[in-house]
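The stops below are given in the order in which to select them.

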Amino acid sequence: MAVSWEDEGIVIAVRRFGEHDAIVSLLTETQGRHVGLVKGGLGRKHRGILQPGNVVKASWRARLDEHLGTYTVEGVHSYAALALSNAEQLSGLSALCAMIESTLPEREPHAELHERTLLLLENLGNTQWPAYYARWELALLTDMGYGLDLSSCAATGGRDDLIYVSPKSGRAVSRTAGGPYAGKLFPLPAFIHQDSALPTTEEIAQSLAITGYFFETRVFHPQKHELPASRTRFVVRLKS
């Protein structure tokens, strides 16, 4: 008996399969990151729909649950089009999709991250989009079990004047406790732990340096992998 499901999904990656078909990776609310075959996925009918960052209504069907299966898709939201005229946002969208594709295991639900990713896509035209992206990477770290603890000082337990992040523990450190070790600690950008703080370009770069470090040391390097090149290019573009 065949197995099937329907859900909305964010297009994460599209790979050629044969002459006309495509292997498509979606991030869905209930099925997590899920891969399937779209017949004619490289054709004109699907070309505008199957763009990374777009949201589609997807129906998946396979003879057995462990099979690749096939998708039928129809467009819901064309978020990718919003980034086409903005090189920075297009670069960020590529980084977003690459980070999802390279970190999340297949067929494991990540409903909260799916919701946060939709929020990020909805704000593609926002001038503060890089800050949304920086917060999204923090959410991805948390979803993978490597979230930062910025609620209190790792050394004293105090909650005031937190201005550093420890690269060893991933916890916040106060000005007084961290002063003698400032050169070995990350600066803690105010906007990632204070909702009222407005981020600066420098603080966004600092936040991405923190998440990049923890992704490298806790996620990619243990598997002998590197951060996605598109993520690296996005950070370089933000600094330029």
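In which helix does Leu 121 lie? Select helix 4, residues 111-122, and Leu 121 is there; helices here are DSSP runs of H or I with at least four residues, numbered from the N terminus.

Before going on, note that this is a predicted model, in which local features need pLDDT of at least 70 and side-chain atom pairs count only at pLDDT 80 or more, while totals for chains, interfaces and linings use all residues. Residues are numbered from 1 along each chain as its sequence is written, and side-chain values use heavy atoms, with hydrogens and water left out.

**Stop 1: Leu 121**

Show the side chain of Leu 121, which is buried at a relative accessible area of 0%. Buried means under 20% relative accessible area, exposed over 50%, and partly exposed in between, with a 1.4 Å probe and protein chains only. Next select Ile 10, Gly 53, Tyr 79, Leu 93 and Leu 96: Leu 121 touches these residues, leaving aside any up to four places away in sequence. Contact means heavy atoms within 4.5 Å. Tyr 79 is 42 residues from Leu 121 along the chain, and their C-alpha atoms are separated by 6.4 Å.

**Stop 2: helix 4 against helix 5**

Two packed helices are described by the angle between their axes and the distance between the axes. For helix 4 and helix 5, the axes come within 10 Å and cross at roughly 170°, so helix 4 is roughly antiparallel to helix 5. Axes are lines fitted to C-alpha atoms, for helices over the stretch in contact, with angles from 0 to 180 degrees between N-to-C directions. Under 35 degrees counts as roughly parallel, over 145 as roughly antiparallel, 65 to 115 as roughly perpendicular, and the rest as oblique. On the helix 4 side, select Leu 113, Arg 116, Thr 117 and Leu 120; the residues they meet in helix 5 include Trp 129, Tyr 133 and Trp 136.

**Stop 3**

**Stop 4: helix 8**

Which residues of helix 8 are buried? Select residues 229-239 and pick out Ser 230, Arg 231, Phe 234, Val 235 and Leu 238. Viewed down the helix axis, these buried residues fall within an arc of 140°, so they line one face of helix 8; the arc is that of the directions from the helix axis to the C-beta atoms. On the face turned away from the buried side, find the exposed residues Arg 233, Val 236 and Lys 239. The cover over the buried residues includes helix 3 (87-103), helix 5 (129-143) and helix 7 (201-220).

Now show helix 5 with helix 8: the axes come within 12 Å and cross at roughly 140°, so helix 5 is oblique to helix 8. Trp 129, Pro 130, Tyr 133 and Glu 137 of helix 5 meet Arg 231, Phe 234 and Leu 238 of helix 8.

**Stop 5: Ser 94**

Finish in helix 3, where Ser 94 is found. Ser 94 is partly exposed, at 38% relative accessibility. Its C-alpha atom is separated by 9.7 Å from that of Ala 229, 135 residues away along the chain.

Notes. Helix = DSSP H or I, 4+ residues; strand = E, 2+ residues; numbered from the N terminus.
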